[in-house]
Amino acid sequence: QVQLAESGGGLVQAGGSLRLSCIASGLTFTNYAMGWFRQAVGKERDFAAVISWGGGRRYYADSVKGRFTISRDNAKTTVVLQMNSLKPEDTAVYYCAAGLGINSATLSGAGMDYWGKGTLVTVSS
């Protein structure tokens with residue numbers, strides 16, 4: 001069974017950093033683009049970042065560009081979201097997701113096939 005296990009969430013002050021990790025199992029990791037999505041209280045789920053199966057393409061939401069970095073280690077079946085210069089508006093549950101390729105459905109999440117349970121990131125002001 002496919003499992004995506006996130007870790008690294010927590011409470012941090014504005015301006016601080018967190019590193020989220022997602023370890024995937026039960027799938028052929030190199031077949032999948034890996035992404036991070038987030039959902040704040042009372043808001044829709046939003047795209048944050050995605051990385052292609054080989055790591056050659058990376059895309060970020062404008063709201064996180066320049067502050068967040070997505071990376072992957074295929075040998076460890078792990079995708080990482082390094083979050084720097086965190087803002088209170090970054091507070092959300094962050095979800096790791098896997099999808100077969102990057103396309104027009106990726107940003108909405110509809111193109112993602114598997115999802116983790118999420119990890120909560122809270123940024124205080």
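Biologist: Which residues are in contact with glycine 26, leaving aside its neighbours within four places in sequence?
Modeller: This is a predicted model. Glycine 26 sits in the loop between β3 and β4. Beyond its sequence neighbours within four places, glycine 26 is in contact with Gln1 and Val2.

Biologist: Is glycine 26 buried or exposed?
Modeller: The cut-off for exposed is over 50% relative accessible area. Glycine 26 has a relative accessible area of 57%, so it is exposed.

Biologist: How far apart in space are glycine 26 and glycine 9, C-alpha to C-alpha?
Modeller: In sequence, 17 residues separate glycine 26 and glycine 9. In space, their C-alpha atoms are apart by 23 Å.

Biologist: How many helices and strands does the protein have?
Modeller: Read along the sequence, the pattern is β-β-β-β-β-β-β-β-β-β-β. The count is 0 helices and 11 strands.

Biologist: Why is the protein said to be as compact as a globular protein of that length?
Modeller: The globule rule gives 14 Å for 125 residues. The radius of gyration is close to that, so the protein is as compact as a globular protein of that length. The radius of gyration is 13 Å.

Biologist: What box do the C-alpha atoms fill?
Modeller: The box is taken along the principal axes. Its dimensions are roughly 40 × 30 × 25 Å.

Biologist: What share of the contacts with a separation of 6 or more comes from residues 24 or more positions apart?
Modeller: Contact here means heavy atoms within 4.5 Å. Among contacts with a separation of 6 or more, residues 24 or more positions apart account for 58%.

Biologist: Which residues have the most contacts inside the largest nonpolar core?
Modeller: Nonpolar side chains tend to be buried together in soluble globular proteins. Here the largest nonpolar core has 35 residues. Elements giving two or more residues to this core include β3 (18–25), β4 (33–39) and β8 (78–83). The residues with the most contacts inside the core are Met34, Trp36, Leu81, Met83 and Tyr94.

Biologist: Is tyrosine 94 buried or exposed?
Modeller: Tyrosine 94 is found in strand β9. Not counting residues up to four places away, it touches Leu20, Trp36, Phe68 and Leu81, among others. Buried means under 20% relative accessible area. Tyrosine 94 has 0%, so it is buried.

Biologist: How far apart in space are tyrosine 94 and leucine 20, C-alpha to C-alpha?
Modeller: Tyrosine 94 and leucine 20 are 74 residues apart in sequence. Leucine 20 is one of the residues that tyrosine 94 touches. Their C-alpha atoms are apart by 8.7 Å.

Biologist: Which residues are in contact with leucine 81, leaving aside its neighbours within four places in sequence?
Modeller: Leucine 81 is among the residues with the most contacts inside the largest nonpolar core. Leaving aside neighbours within four places, its contacts are Leu18, Arg19, Leu20, Trp36, Ala49, Phe68, Thr69, Ile70 and Tyr94.

Biologist: What is the phi of threonine 77?
Modeller: Most residues other than glycine have a negative phi. Threonine 77 lies in the loop between β7 and β8. It is partly exposed, with a relative accessible area of 23%. Its phi is positive, near 45 degrees.

Biologist: What is the phi of serine 85?
Modeller: Serine 85 lies in the loop between β8 and β9. Its relative accessible area is 42%, so serine 85 is partly exposed. Serine 85 also has a positive phi, near 50 degrees.

Biologist: How far apart in space are aspartate 62 and glycine 118, C-alpha to C-alpha?
Modeller: Aspartate 62 lies in the loop between β6 (58–60) and β7. It is exposed, with a relative accessible area of 67%. Aspartate 62 and glycine 118 are 56 residues apart in sequence. In space, their C-alpha atoms are apart by 21 Å.

Biologist: Which residues does alanine 105 touch, not counting residues up to four places away in sequence?
Modeller: Alanine 105 is found in the loop between β9 and β10 (114–115). It is partly exposed, with a relative accessible area of 23%. Not counting residues up to four places away, alanine 105 touches Ala110 and Gly111.

Biologist: How far apart are the centres of the positive and negative side chains?
Modeller: The protein has 12 positive and 8 negative side chains. The centres of the two sets lie apart by 5 Å.

How values were computed. Residues numbered from 1 in each chain as written. Predicted model: local features only at pLDDT ≥ 70, side-chain atom pairs only at ≥ 80, totals over all residues. Heavy atoms only, no water. Helix = DSSP H or I, 4+ residues; strand = E, 2+ residues; numbered from the N terminus. Rg over C-alpha atoms; globule rule 2.2 N^0.38 Å. Lys, Arg positive; Asp, Glu negative; His and termini not counted. Charge placed at Lys NZ, Arg CZ, Asp CG, Glu CD. Core = buried A, V, L, I, M, F, W, Y, C linked by side-chain atoms within 4.5 Å. Buried < 20%, exposed > 50% of the residue type's maximum accessible area, 1.4 Å probe, protein only.
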